[in-house]
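Please look over this structure from a few sides.

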Amino acid sequence: MRHPLQARRPSGRWALLSLLAATWWLAAPPAAAQDTATPKAAAPQADNAPPATHAASLQADGPPAAAQAAAPQADSPPAEGGAPSTDGAGAPSGGAGGAGGAASDARDPAERSAARRDRPGATSSRATPSKKRRGDINPCMTPDPGWGVYDRWSRAPSIGQMIMPHRGGVTKRGGFDVIIHFHGHEALRKEFVKTAEGAVLVGIDLGIGSGAYSSAFSAPYVFENLLDSIERAVAKKTGKKKAYIRKLGLSSWSAGYGAVEQILRQPAGKRVDALVLLDSLHAGYADEQQHKLKVAQIEPFIAFARRAAAGEAFMFMSHSSILPPGYASTAETADFIVRQLRGKPRGSSRADVLGLDMIQRFDRGDFHVRGYTGDDKPDHCAHLGLMADVVRVHLNPRWKSPRGRR
């Protein structure tokens with residue numbers, strides 16, 4: 001006898017029709033993925049969820065994701081006032097097409113191009129560089145140059161991993177310098193070791209959305225514990241019982257800015273001397289039609305830019321020409337910060353690393369902005385290649401870190 005709550009089993013024909021209907025529903029792209037504003041982009045999942053990005057493509061050479069510290073996923077409740085939870089590069093983070101797939105756009109190509117030109121931050125419509133122009137290198141999977149004077153990744157920090165020189169890198173009193181990088185740690189490491197002379201690098205990957213980074217570092221004790229764990233690890237390796245952080249820098253690529261924002265709002269954020277944002281600062285719109293930014297989201301970055309412009313700190317920002325749907329691009333946020341300093345970027349024309357073409361720049365004191373063409377995933381990844389020169393040109397002379405050696 002059938003249980004009263006057990007549903008009647010459909011006949012074979014109706015079961016087949018139900019299966020076909022379910023298959024069609026699962027295969028059909030959700031409405032959020034059918035963006036009509038810009039190719040290769042997914043619409044925001046929520047009005048206040050942080051943008052996501054494609055971290056997976058940069059973690060192929062790194063340790064298994066399970067070894068990373070646990071953190072909320074991109075679809076967890078976002079921080080109050082966060083930016084939309086979509087891909088930071090304008091590429092879909094799910095739904096139709098997957099990472100790197102193209103969302104549908106039924107408009108005429110000329111109409112789409114005009115809309116992109118009219119939107120703030122649309123700095124160029126120049127085509128993506130050819131493979132030859134990039135030196136036959138995929139910016140998302142660059143060759144490994146080795147480790148230089150550095151050892152391999154250590155899991156000593158409370159979150160993420162770290163590398164430090166085999167020997168040296170610490171003053172007689174135990175002082176050392178450290179850069180904490182959020183998102184794409186292994187790809188960033190390949191650039192860092194090319195020019196770094198002794199500073200410690202900590203790499204942290206927590207997921208594909210800025211919400212994961214923002215949530216993980218929302219409590220001040222998390223960052224404070226991280227700094228303590230780094231000092232303990234250096235003390236253990238060098239034998240300097242009172243090892244301490246001398247100069248502190250934060251860097252991020254793409255979605256990693258979510259952690260940086262939280263840290264800059266906290267008391268420990270006052271210790272930060274250098275900030276590097278590699279195509280990595282988005283914001284939501286208070287008025288999308290007028291492209292008015294939610295200024296509260298980027299206030300910590302504006303304040304830090306003012307410090308850097310006055311020579312009290314160092315800040316480097318790069319932006320692509322990617323136009324994500326429903327929230328401000330990295331070009332828009334960079335332009336907004338420059339305007340808060342009553343400045344204006346000037347045009348530039350320079351071939352840069354990994355096929356990047358510079359089209360504008362701004363410099364005041366120790367605050368530097370570099371704008372580039374490019375509107376797809378490889379263009380986004382190429383910004384990680386800027387780190388080697390940032391370290392060589394700016395951080396090495398500024399910090400004069402104790403030299404490391406093999």
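## A buried aspartate

A polar atom of the Asp 379 side chain sits 3.0 Å from the backbone nitrogen of Asp 375. The Asp 379 side chain also reaches the backbone nitrogen of Asp 376, at 3.1 Å. A polar contact is a pair of N or O atoms within 3.5 Å; within protein, one must be able to donate a hydrogen and the other to accept it, and residues adjacent in sequence count only if both atoms are side-chain atoms.

This is a predicted model: local features need pLDDT of at least 70, side-chain atom pairs count only at pLDDT 80 or more, and totals for chains, interfaces and linings use all residues. Residues are numbered from 1 along each chain as its sequence is written, and side-chain values use heavy atoms, with hydrogens and water left out.

Asp 379 belongs to helix 9 (residues 377-382). Helices (H or I, at least four residues) and strands (E, at least two) are DSSP runs, numbered from the N terminus. Asp 379 counts as buried because its relative accessibility is 1%. Buried means under 20% relative accessible area, exposed over 50%, partly exposed in between (1.4 Å probe, protein chains only). Leu 354 is 25 residues from Asp 379 in sequence, yet their C-alpha atoms are 8.5 Å apart.

## A bent helix

Helix 7 (residues 295-309) bends by about 30 degrees at Phe 301. The bend at a residue is the angle between axes fitted to the seven residues ending there and the seven starting there. Among the buried residues of helix 7 are Ile 298, Phe 301, Ile 302 and Ala 305. An α-helix has 3.6 residues a turn, so residues three or four places apart point the same way. Just after helix 7, Gly 311 has a positive phi of about 85 degrees.

## Two positive phi values

Which residues other than glycine take a positive phi? Ser 254 is one, with phi near 55 degrees. Ser 254 lies in the loop between strand 5 (244-253) and helix 6 (257-264). Lys 400 is another, with phi near 50 degrees. Lys 400 is in the loop between helix 10 and strand 13 (404-405).

Are these residues buried or exposed? Ser 254 counts as buried because its relative accessibility is 1%. Lys 400 counts as exposed because its relative accessibility is 61%.
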